[in-house]
Amino acid sequence: MRGEVEMDLPEKNNEIYFKGLISMMEHLSEPWGIKDRQSRHIYMNKAAYLYTNTPLDFDIEGKLDNEFPAHWAEFSPEFIEHDKRTEESQDRVTVIETHYWYGKDFLMPFISEKLPIYNDKKELIEMIYKQTIISNKEEDINEIFERIIYEEIKDLEKDIQPFS
């Protein structure tokens, strides 16, 4: 007979799963992060730091969006609304965010997805988020990233002093 079988398993160690999520996100090239239920940041991968133009030495842990040293921080109420919609729906919520991402001087539309994370007791504890660039063609995406990389290299070259 097929059906649902309930097993009396001990509570899983949520910390192990949380660390596994962070370990996975660290190796992804797209911006990923984790926020708690009060919309405070817990974790951002390096791609998310670059995407948001957040200084790499800025400690994001426990910070709200409006506390970030970045121009997008002024849109904190919209980001918190996205967090709340995710919490209320208990499902993935997707929006389009257009801003001067990566600190560039041109607007870039990204798909922003937030997904709820539950503990072993099926209680919402956190949300993960990721951003994906919007484009109809892979060539457009490559062109945008090449432009970003080219501009980053130009900026770095300005800071390099030749040996005397």
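Ile134 is partly exposed, at 31% relative accessible area. Partly exposed means between the buried limit (under 20%) and the exposed limit (over 50%), using a 1.4 Å probe and protein chains only. The residue is found in the loop between strand S5 (124-133) and helix H4 (138-159). Helices (H or I, at least four residues) and strands (E, at least two) are DSSP runs, numbered from the N terminus.

This is a predicted model: local features need pLDDT of at least 70, side-chain atom pairs count only at pLDDT 80 or more, and totals for chains, interfaces and linings use all residues. Residues are numbered from 1 along each chain as its sequence is written, and side-chain values use heavy atoms, without hydrogens or water.

## Two nonpolar cores

In soluble globular proteins, nonpolar side chains tend to be buried together. A nonpolar core here is a set of buried Ala, Val, Leu, Ile, Met, Phe, Trp, Tyr and Cys residues joined through side-chain atoms within 4.5 Å.

The largest core has 18 residues. Met44, Phe68, Trp101, Met108 and Phe110 have the most contacts inside it. Helix H2 (46-52), strand S4 (108-118) and S5 each give two or more residues to this core. H2 gives the most, with three. Another core lies apart from it, with nine residues, including Ile22, Trp32, Leu115 and Ile117.

## A hairpin

Strands S1 (residues 32-36) and S2 (residues 41-44) run antiparallel, joined by three bridges. Strands pair if DSSP finds at least two bridges between them. Lys35 stands opposite His41 in S2. S1 and S2 form a hairpin, with four residues between them. Ser39 sits in the turn, with a positive phi of about 65°.

## Positive phi in two loops

Most residues other than glycine have a negative phi. Asn53 has a positive phi of about 60° although it is not a glycine. Asn53 is found in the loop between H2 and helix H3 (76-89). At 43% relative accessibility, Asn53 is partly exposed.

Lys122 is not a glycine either, yet has a positive phi of about 65°. Lys122 is found in the loop between S4 and S5. Its relative accessibility is 70%, so Lys122 counts as exposed.
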